Amino acid sequence: MHYYRYSNAEVSCWYKYLLFSYNIVFWLAGVAFLGAGLWAWSEKGVLSDLTKVTRLHGIDPVVLVLIVGVVMFTLGFAGCVGALRENICLLKFFCGAIVLIFFLELAVAVLAFLFQDWVRDRFREFFESNIRSYRDDIDLQNLIDSLQKANQCCGAYGPEDWDLNVYFNCSGASYSREKCGVPFSCCVPDPAQKVVNTQCGYDVRTQLKSKWDEFIFTKGCIQALEGWLPRNIYIVAGVFIAISLLQIFGIFLARTLISDIEAVKAGHHF
């Protein structure tokens, strides 16, 4: 094997600053997510009492925002500093993390397709758990309301699922004004109303079941999401492909820059 030495071997400024620009977007997005998450927690008083997170039986959407923020901030920081300082360790960390995330996304997509019944059961358990905690966290409440309004659905499999919540439960032991009702996001919207009626779901389940569809959505959100996916399969596939291409592009830039740095340090090309 012959080694050809180049006295003017150098790191490509094009790849270096392109990778920096690529990662500065990640880093800024991470800062934005972290800022939004911490602000939301401060508004709910969680920062002064972190045990509130563990006492919530459902999931706090802010936790997901913070996790995404931490990941994006860490990767963006590693990529930016690694590119500017030509630090191989940081660049390898960035590249390895992106590769890991890419294969995790691919594995989740394949497993979700192969084990649809299992995914459906887990989503039902997840949704029912959050129904129980509907009134415990304002962000969780807004998330469920947005999901139900956007998909014109109510509960996991139907309005009866709201019996799982202590405030909407129809049992005789409940003294809540919302007893035997559903959240306003389950109500069929009235075009004549300009102001949202947050009490439209009160006592609706005390009426005959055959009349429910006149006032509320009777389709469960799991069925609604199962119907939404085939109608929007090209959009979902396009988003997945776009994200994958961005990740592959980032991996390519990082690996190219690492090769340049190693070549300069070695003082030769093969």
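Guide: Let's start with the term itself: a disulfide is a pair of cysteine sulfur atoms within 2.5 Å. By this rule, the count comes to 4 disulfides. Keep in mind that this is a predicted model, where local features need pLDDT of at least 70, side-chain atom pairs count only at pLDDT 80 or more, and totals for chains, interfaces and linings use all residues. Residues are numbered from 1 along each chain as its sequence is written, and side-chain values use heavy atoms, with hydrogens and water left out.

Take C153 and C221, whose sulfur atoms are 2.0 Å apart. (Helices are DSSP runs of H or I, at least four residues, and strands are runs of E, at least two, numbered from the N terminus.) The torsion about the S-S bond is about 85°, so the C153 and C221 disulfide is right-handed. C153 is buried at 0% relative accessibility, and C221 is buried at 0% too. Buried means under 20% relative accessible area, exposed over 50%, and partly exposed in between (1.4 Å probe, protein chains only).

Next, C154 bonds to C186, S to S 2.2 Å. Both sit in the loop between α6 and α7, 32 residues apart. Here the S-S torsion is about 85°, so the disulfide of C154 and C186 is right-handed.

C170 joins C180 at 1.9 Å, S to S. C170 is partly exposed at 29%, whereas C180 is buried at 10%.
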